[in-house]
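Colleague: I have a model open and would like to learn how to read it. Could you take me through some features one by one?

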Amino acid sequence: MIPLLLILASTPGPSGIAFFEEKIRPVLAEHCYACHSAGAKKLKGNLYLDSKAGWEKGGDHGEPVIVPGDPAKSLLVRTLRHLEADLEMPPNKPKLPEAVIADFVTWIRMGAPDPRDGAVIEAKRADKAWWSLQPLAGGFAHGSIDGFVEEKLAAQKLAMNPAADPRALIRRMTYDLTGLPPSAAETGAFVAAFAADRDGAVAALVDRLLASPRYGEHWGRHWLDVVRFGESNGFERNFIIDDLWPFRDYVIRSFNEDKPFDRFIIEHLAGDVIGKDDPDVEVGSSFLVAGPYDDVGNQDVVAQKNIRAATLDDMITATSGAFLGLTINCARCHNHKFDPIPTEDYYRIRAAFEGVRHGRRILASKEQRQSHEAAAKPLRERIAKLTAERDALNGALERRAREVLARRVFPRPKVDPVGTEERFAPVAARQVRFVVESATDLRGGGRLTEFEVWSGDRNVALAAAGAKAEGARGAVAEDFPDAYGPQFCIDGEPGEQWFIGSPAVLTITLAKEEVIDRIVFRNVKGKDLKDKSQGGTPCEYEVRVSRDGKSWKSVASGEDRKPWSPAHGIERVRPGVILQEDSLRLAELDRQIAEWQGRLNRVPPLPMVWAGNFADPPEPTQVHKGGDPMKPLAVVAPASLSVLEQGIRPYALDPRAPEGERRLALARWIASSENALTARVLVNRVWQYHFGTGIVETPGDFGFLGGRPSHPELLDFLARRLLANGWRLKALHREILLSRVYRQSADHREDGAGVDKDARLLWRFPPRRLAAEEIRDTMLSVAGKLRLEPMGGPGFRLYKVMQNNVSSYYPLDAHGPETYRRAVYHQNARASVVDVLNDFDLPDIAFAAPKRASTTTPLQALTLMNHSFTGDMAAALAERVAGADPVGSAYRLAFQREPSATEREAAGRLVSEHGLRALCRALLNANELMYLD
């Protein structure tokens, strides 16, 4: 019972109001309103102190900052007394005088009388009382999905549509669960069963579809959108990744197995930790490295730190968006502008990922590793023994060579990449040949930017003077056929390089015979010489000339130049110190090593997967001021989000906790049954893929800028059902698809559209167009060309990739039979353009795509009518239906129904005038094929 004295004290009387106006309001106006009022330029802490409703509502902490009658429990008093770390008020100023603080204490003891009865201004950001951050509700008014929907409809004086007809229902359910159309036979059987036992037929259909392996392919594709799965690294190089497909197959397999989703989440974040030596589990952590990352290899320290910060930000963004529906990444540089997420929370989550690096690693079972080691170990040991003998012999030769080298004098300086000149006696020549024996980089081939041949003061080797250059290229760029060629050596420009190939010979043919006396070669890319050489510069060479291209004369070499390095010097004198028996033994050792290495190469390798590499970070995580990694602040520990600590037990680890322990702790916290946000986000995604729009229409943002739930109680009801079913999705699918709200028709009604044009209240089933993959898969299926088996494995490509330092992707004009698989198995590269799929809104996976766009453009109609793929499928369909009733067969395959009399008559005329293929092309372009109602 509340004491009568407190009730009386909390009633604002004249003396209390006078005290407030004289002692309290002036202090609030002077010291607090700048940050905590409707007129503040930037509201701090989401707290208003310019109204009674403001302090009653509280700020980010979600509780009133004043407890009338109890100053000790009032947060405002504690902040004024500087008893709350990081919340001292006024900020960055001395504490208010004790007499002023005493006035606040007296006022609160009086019951905090406040005459400012105006309603609190609508919040400009969320606080901890935000709806999505609260524990799941219980004690629901309804026991089924339909009750919640009908309650909302009744409030608007609306009702659901009647039930959909069986043909519409089997098409809807089959596409929703498998992404494919039902066959004509399946449709006919369902229609008959529906007539006999409506509920039983629907339940049996749902069970059959959920048991189909096609379910995992379709719902796995949904999830790959959510986790920004892409098979190239993006950014400027955008190289293709050929070993990430096992993650795609893992996702499909997990959906088909109805793996509990809490386990699925943990495997995504820490599969390598909980599933060591179990590749089917370890592969889950490929999620962490399935996004784009910059591998340009910038050597600048600042750039490296920023690239690393961006790489980790991708992991944080993907994790928070996929599992929590929060934009934690918005707190990277400052406290979140709209949600109660402090910057420290961002770096607490970052600490979990500090040890993750992009790359591939072996994923194999213990038995696979042991078997491989048993086969490979004796071969490696034999190779090691032979290699040791060869190294010893080479070492002896090297010691002899060093002794010779120490006595030799080289009169000329070593080569200079900026420009090396060779002079010789004047000689008549039509061809000049530059034979490269070694380059400054012993590990790779050499390069040249310019090769000059001088006759007096004229460079007669210029292409502009009629000269031509020939030579093998050490690199080829398919998308730039002339790249890296020898022609760049005679263009007079220092930028482009000839990549020296094998044989390493450059031949210059002059426009006419000239008397020449010197050559100059360069390997510098910049005109002002500030841009250093790239690649090795020839340092062991010979210059030859010829008048007829048959007889050659040596006129210069680098033999008497100082060696580029001791290793180059040793190689130069090595021929003079090696004995015949040494040469024979080295040749024999090389032969044996090659033989044994061949045997080792034939041992099947252990599977490598783009699954990331993990190591303990070298230093603890620090907050970055303004998101700048060059401005580190306080150390933070791997820990849970403070924004959810009121609903779920938090965790905090030591700042130097082992790498795997960090990710596992985060994974278990996210997947906890106490975490209402995770469950809400997940069931909302399922609802979205069944109805086109989620109960929350922004599936990746449950924060202030996201949508509000259309049916909040239903959302929590479904989340409770998910948890009760052990986080398994198939039970949730079944409950949704068996509901009357799902099984109603999509018919349009004026009364419903007038109130709710988007059918968010679900007075009808929202019709939709098929997604990009569904359209392509449907065309293949109708044409009888879709190959469903074998499932999985490396994907196919609808583009040609040209890869050099950067990658370019070009859409294929023709899609051959090798591409007639489900589109989920397409190797989706970032920034690649794929005909048909991209036209129908296949997302670019540079980012997650939790909700796809559905556009209508002229290009869609043009592509679907004119692309060779449509022509091929039309031809295949025509061949498939050729027979006694081609028109009826085509309609049954495409639309799972018989044509009407009018349709049959019109189709017959079309066939007689333009052929069966024209009819099939028209059916593949029909709205009825691509829309579900």
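Colleague: Let us start with helix α22 (residues 729–737): how many of its nine residues are buried?

Modeller: Buried means under 20% relative accessible area, exposed over 50%, and partly exposed in between, with a 1.4 Å probe and protein chains only. Helices (H or I, at least four residues) and strands (E, at least two) are DSSP runs, numbered from the N terminus. Seven of the nine residues of α22 are buried, so the helix is largely enclosed by the rest of the structure. The buried ones are Leu-729, Lys-730, Leu-732, His-733, Glu-735, Ile-736 and Leu-737. Do keep in mind that this is a predicted model: local features need pLDDT of at least 70 and side-chain atom pairs count only at pLDDT 80 or more, while totals for chains, interfaces and linings use all residues. Residues are numbered from 1 along each chain as its sequence is written, and side-chain values use heavy atoms, with hydrogens and water left out.

Colleague: Thanks! Which strands does β9 pair with?

Modeller: Two strands pair if DSSP finds at least two bridges between them. Strand β9 (residues 505–522) runs antiparallel to β3 (residues 420–439), with 12 bridges; here Glu-422 faces Ile-519. Five bridges link β9 to β5 (residues 450–455), again antiparallel, and Glu-450 has Arg-522 as its bridge partner. With β7 (residues 468–470) there are three antiparallel bridges, and Glu-470 stands opposite Thr-507.

Colleague: And how do I read a pocket?

Modeller: Rolling a probe the size of a water molecule over the atoms shows where empty space is left. On a 1 Å grid over the protein atoms alone, a pocket is an open set of points where a 1.4 Å probe fits, with protein on both sides within 12 Å along at least five of seven lines; lining residues have an atom within 4 Å of a point. The second largest pocket holds about 930 Å³, the volume being the space filled by probe spheres set on the points. Its lining has 44 residues, and Gly-692, Arg-768, Arg-769, Arg-852 and Ser-854 lie nearest the centre. Helix α10 gives the most to this lining, with five residues.

Colleague: Last one: is Ser-51 buried or exposed?

Modeller: Ser-51 is buried, at a relative accessible area of 8%. Its place is in the loop between α2 (14–31) and α3 (52–57). A polar atom of the Ser-51 side chain lies 3.0 Å from the backbone nitrogen of Gly-54.

Note on methods
A polar contact is a pair of N or O atoms within 3.5 Å; within protein, one must be able to donate a hydrogen and the other to accept it, and residues adjacent in sequence count only if both atoms are side-chain atoms.
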